[in-house]
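Dear colleague,

Please find the structure we discussed below. My notes on its helix packing follow.

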Amino acid sequence: MDRKGLRTASRRVVLCALLAAVMTALKEAMALLPNIEPVSLLIIVYTLVFGTNVFYIIYTFVLLEGLLYGFQLWWVSYLYIWPLLALAVLLIGRRRERPPLVWAVVSGTFGLSFGALDALPYLAGGTAAAFSRWVSGIPFDLIHCGGNFFLALVLVRPLLQTLTLTRDRLC
């Protein structure tokens, strides 16, 4: 690899680590609000700006979560839940011109389905274990849905503009 390629790769590693750290720090800053989190919004924005490179950011974030809270069964679900959101954004299309309402609906729907997706690893304990985990979390999923919808509706456009400018200057 030549010098320029090495510099570009180094910048990508640093940028992905920085964006994962920002996601972690913002999640922790909002931890007092139950199930209102910026992670879904940031994954949508990161996917729109960085495309498939978002998976480096996501898995760095997931690793940080495991280091902070321990590698337990909930952590396994993070390995597929957050990438599913990025895949949904990629499937819908990376067109930044889509109105914020589209991304707010995607984010809200994701928040509503989070509990069902999170319950999947608990199928190892039987369908009753997974079902009871999902049903007991429905009130939190409703809050998650509303918080995600509102955050995306208000913040997706300014975050996209800011991150696109930053990307263009750094990369």
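Is the crossing of H4 and H5 right-handed or left-handed? In this predicted model, helices H4 and H5 cross in the right-handed sense.

H4 covers residues 73-92 and H5 covers residues 100-119; their axes come within 11 Å and cross at roughly 155 degrees. Because angles over 145 degrees count as roughly antiparallel, H4 is roughly antiparallel to H5. On the H4 side, the contact is made by Trp 74, Ser 77, Tyr 78, Tyr 80, Ile 81, Trp 82, Leu 84, Leu 85, Val 89 and Ile 92. H5 contributes Trp 103, Val 106, Phe 110, Phe 114, Leu 117 and Asp 118. Sorted by class, this contact holds 14 nonpolar residues, one polar and one charged.

Two further points concern H5 itself. The helix bends by about 45 degrees at Ser 113. Its 20 residues, at 1.5 Å a residue, should span 28 Å, and the end C-alpha atoms of H5 are 29 Å apart, which agrees.

A second pair is formed by H2 (residues 39-50) and H3 (residues 54-69), which pack at an angle of about 150 degrees with their axes 9 Å apart. H2 and H3 are therefore roughly antiparallel to each other. Here Val 39, Ile 43, Tyr 46, Thr 47 and Phe 50 of H2 meet Val 54, Ile 57, Ile 58 and Phe 61 of H3. The contact of H2 with H3 comprises eight nonpolar residues, one polar and no charged ones.

Yours sincerely

Notes. Residues numbered from 1 in each chain as written. Predicted model: local features only at pLDDT ≥ 70, side-chain atom pairs only at ≥ 80, totals over all residues. Heavy atoms only, no water. Axes fitted to C-alpha atoms, helices over the stretch in contact; angles between N-to-C directions. Helix = DSSP H or I, 4+ residues; strand = E, 2+ residues; numbered from the N terminus. Parallel < 35°, antiparallel > 145°, perpendicular 65-115°, else oblique. Left-handed = near helix turned anticlockwise from the far one by under 90°. Contact = heavy atoms within 4.5 Å. Nonpolar A, V, L, I, M, F, W, Y, C, P; charged D, E, K, R; others polar. Expected span 1.5 Å × (residues − 1). Bend = angle between axes of the 7 residues up to and from the residue.
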